[in-house]
Amino acid sequence: MGKSIKVAILSVTFVVLLAAVVALIVLMHRHSEEKVEHTKHDDDVKASIKAVCDHTDYKQTCVDTLSKTGTHSTDPYDHVKSTFEVTIKKLQDAANNSTLMKEVHADPRTNDALKGCKELADLAAMDLRRSVDKMLGLDLHDVGHVLVQLKIWMSGAITYEQTCLDGFEKTKGDSGEKMRKLLNISMELTSNCLAMITDLSQAFEALDPPQTTNRRLLYLSNNEHILPEWVDATHRSILEKEPIKINPNLTVAQDGSGDFLTIMDALKVIPTKSKKGYVLYIKEGIYNEIIRFPKNLTHLVVIGDGPEKTRITGNLNFIDGVSTFHTATVAVSGDFFIAKDIGFVNTAGPEKHQAVALRVSADRTIFYNCHMHGYQDTLYAHTYRQFYRDCTITGTIDFVFGDGAVVLQNCIMVVRRPMDNQNCIVTAQGRKEMRQPTGLVLQNCSIVADPLYFPVRMERKSYLGRPWKQYSRTIIMESFIDDLIQPQGWLPWNETFAFDTLYYSEFNNHGPGSSKLQRIPWPGVKELSSKGIKRFLAGKFITGDTWIPPTGVPYISGFMFDPPKDDEKKKKKDDDKKKKKDDDKKEKKKKKDKKSDEESGEDKSEKKKKKEKKRKKDKDGSISDPPSSSPAPSPAESPSIIPNQLPNSDISAPASSQAPSPKASPETKKGFFNRVFGKVL
């Protein structure tokens, strides 16, 4: 009995022990599975980060930054947002760097540059913040419009950062180098943000989405324009009326007949962050004021009595210790700004070097029948989309410059008389990166000499432009170019800088200075066909159809004149003609050779008969005929054939390129977003 109890106890113990072992094995197996699963997820996260960073210019910075965020997401969209957030934090840290930003220097230009950097870093951070907000509220029916907007804002942030560093030109001490190091990671990350958005945009474009009728695009599928919220019928009519007939919200008049005597006083009462147009009427007069329309002053319409009657003047300049950015007599930072019949002037003179009359750092701005007068750096088209219509800009050196996406239609560029040791340059576009959707486009403009400059225009030479930054881009189309422009057209910035990376093109221009026969042959100077130039027309380049027509300002979306016959089609047609001509020549030659051979054969037969006859006569003792004075016709020579060499006609004939099929889609870079986001979009 006792033995039976012991056996039973042992049996139970064994079962319990076995159960424990099984449980332990199960637990170990589960832990192993979890570990494998966890490792696999980590690998997926790393792979997704690498893929997102793969098409950025600063890959290692991208990977390091996202890895440090501790993200567990494999969603590329999350990585993009994380990159934006980190970049914002870096910029804010730079703007608030108490050690550098609060330094006081004896050199006034250094102090001005430091002050400007804090402002510019804040503006760059704001562009990134509103980009994140836009992505969070993304409507899939509005993706195309949003992506265009994001690229413009990202480009603006890059320009702000670069403008900060430009402010340290000719400053004393090492503050400029300190600032460069402080902003280095921020600038790399901002560049990466633009790369990511560009990659996403390419993926979206590859899908070839249908046209939308979403009102937020401000453009209907049948090309019928609708008024955006900020332009009601009243404000549209204001732009079409004479100043004396308008009914503004505020009036500035120096004679006391308005609400304020000065423009600055009027700005203090204008509502900020407005969603509707607000009209400020400035009566005739010369207003010696330095005006800043801040970023929160949006949808403002400013009307004058005429560009030579209502004039805002100042004389801030670089020589007196002010950075170029801050020399502007008038600076516009509020989006949807419209100015009509206003003159913007910097009276500093050519000896003071950089002296800006108008700086524009606002998106979707319009200047209609305005004048900008100055010498060096007159119009600073700084950032974002800008449209100028029927304006006159005067100056000497780089007097239209900046890094906005800018179209000037029907404008007059008047080159003024420079100092004795100076040449004149109309444009100096400042595109820093290849992905930035920016550039200067002059369409149906005139480039002429001021009466005082005209007599010396051949001695103090003038040029269309020069590359201020690495990817400078300027297009001059359908414009009149007078004889003041040198035959080479473009001027180097220094040595060979940007020759390979700039993008300059002239299309369908006229006038004595428009000939391209002696234009400088840099790799970046392009010869575009009518098809190739279309992407620089206002409707496409600044998406003008979506925001300009509703204002009532005159505007042309496409070509103003019938473009010349497409160069590519003409070339193909010429190649086909030449090939046909060559084939005809070959056929004629072949027939001629055949005929010659036949004639040669007949000659040989006749000769043979004559010889036989002669031999017969000689045999018969007959006297032979005297030899003919003319030699017998020789057989036609066949062309000599050299092994492994083409006939001359094939060597000299240009190789015709196959025109792309209308159905063929353009080749796009197959980035990570093409693979992942394509399914979502």
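## Helix 6

Helix 6 covers residues 143–166, 24 residues in total. Its first and last C-alpha atoms lie 34 Å apart, close to the 34 Å expected at 1.5 Å a residue. That expected span is 1.5 Å times one less than the number of residues. Helices are DSSP runs (H or I, at least four residues) and strands are too (E, at least two), numbered from the N terminus.

Of its 24 residues, 21 are buried, so helix 6 is largely enclosed by the rest of the structure. Buried means under 20% relative accessible area (1.4 Å probe, protein chains only).

## Basis of the model

This is a predicted model, where local features need pLDDT of at least 70, side-chain atom pairs count only at pLDDT 80 or more, and totals for chains, interfaces and linings use all residues. Residues are numbered from 1 along each chain as its sequence is written, and side-chain values use heavy atoms, leaving out hydrogens and water.

## Aromatic pairs

The whole structure holds 13 aromatic pairs. Rings of Phe, Tyr and Trp (its six-membered ring) pair if their centres lie within 6.5 Å; planes under 30 degrees apart are stacked, over 60 edge-to-face, the rest tilted.

F344 and F367 pair edge-to-face, 6.0 Å centre to centre, with 75 degrees between the planes. F344 is in strand 9 and F367 in strand 11, so the pair ties together parts 23 residues apart in sequence. F344 is buried at 2% relative accessible area. F367 is buried at 0%.

Methods. Buried means under 20% relative accessible area, exposed over 50%, partly exposed in between (1.4 Å probe, protein chains only).
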